[in-house]
Amino acid sequence: MVVARSPRSRALPLAIAAVLALAVAQAGVAGGPSEETSAAVAVPLLSDGLTVGTTLYGSADLAGLSQPGQARIDEAVEAGLGGFTYYVDWVELEPEPGRYTTGELQATLAGLTERGLAPFVNITVGDIGDYNLPPGLTDGAGGLARGVSLGDRTVTERFGGLLQRVAPIVAAHGGFFLGVGNEVDDRLDGEFRAELDDYVRFVEEARRNVHAVEPDLAVGVTLTADAVRSRSRTFRRMREAGDVVAVNYAPIRSDLRVLPVDDIVADFRDVLDTYDEGSILIQELSCPSAISMGASEAWQAECFERLFEEIAATPAVRFASIFTFEDFDER
């Protein structure tokens, strides 16, 4: 998602523990099997019911939090936090072709496991409007290097080798989803529509490689709410290529102003209703408080309350990750 960004951040004004308590009260948290959720089996490694998670901005992990931040996470876990969205770059896992460095990933996931947090992991190969690729595959400006296509066998096989090492690590630490792109529709439904077929092939091969070693680990990409509600070409193709299409949702207009509170439910419902079957994973669920966006702490509280009311009415929503553990400064 695109938000008003500042170099400063602060603890979420509406304490995340309070948000989690609200979510638990309204929608429930991960638990035993239920008749309503047992039909949504596209994410078999995720506990039945709703898992509420959070994330840190960018590729940050819990180990980098201050001691007060660590304490706030622990407080949130006690309130019902059950998951965490974690992003990692391909080059961090494979700095050179065929040389894999997964120690940091394992340490990060171990920290989540210790707290009982199920990881939603996204290797952001496509990240909003750009590609996030190792040297040699990228032109250095967010595009592909000359002569490189994401659907090329050399690329899919190289990434497949990485996935066959990473997938068991993710599954062993309670991970339930391995993403291979974030908001890729920003590029593939826009100026670079011709690249969609190659990205679809890339996802298909990623899914095949992951399932070869971890058959129950779900694979897919994350799209914007706009792509989902409009059933864009990228949304339709990615639903066929992967196990699940995850979504980022924020009630924010294109001018970076938040929706009026009374418009939030209908807007959110438009997105949820697009998923006529299967599981819904919300990689980022955002209710910013920034005054510059027309929001406030009161708006933020009402936003979360209304969103979780709708989630409670939609058993297909299996995971919703609050974006972000630290809110953006309003100045």
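Me: Are Cys287 and Cys303 buried or exposed?
Reply: Cys287 is buried, and Cys303 is buried as well, where buried means under 20% relative accessible area, exposed over 50% and partly exposed in between, with a 1.4 Å probe and protein chains only. Please keep in mind that this is a predicted model, in which local features need pLDDT of at least 70 and side-chain atom pairs count only at pLDDT 80 or more, while totals for chains, interfaces and linings use all residues. Residues are numbered from 1 along each chain as its sequence is written, and side-chain values use heavy atoms, with hydrogens and water left out.

Me: How far apart are the sulfur atoms of Cys287 and Cys303?
Reply: They are 2.0 Å apart and form a disulfide, a term for a pair of cysteine sulfur atoms within 2.5 Å. Cys287 sits in the loop between β10 and α12 and Cys303 in helix α12, so the pair ties together parts that are 16 residues apart in sequence; helices (H or I, at least four residues) and strands (E, at least two) are DSSP runs, numbered from the N terminus.

Me: Switching to β10, how many of its residues are buried?
Reply: Seven of the seven residues of strand β10 (residues 280–286) are buried, so the strand is largely enclosed by the rest of the structure.

Me: And how many bridges join β10 to β11?
Reply: Five bridges join β10 to strand β11 (residues 317–323), and the two run parallel; strands pair if DSSP finds at least two bridges between them. Ile282 stands opposite Ala320 in β11.
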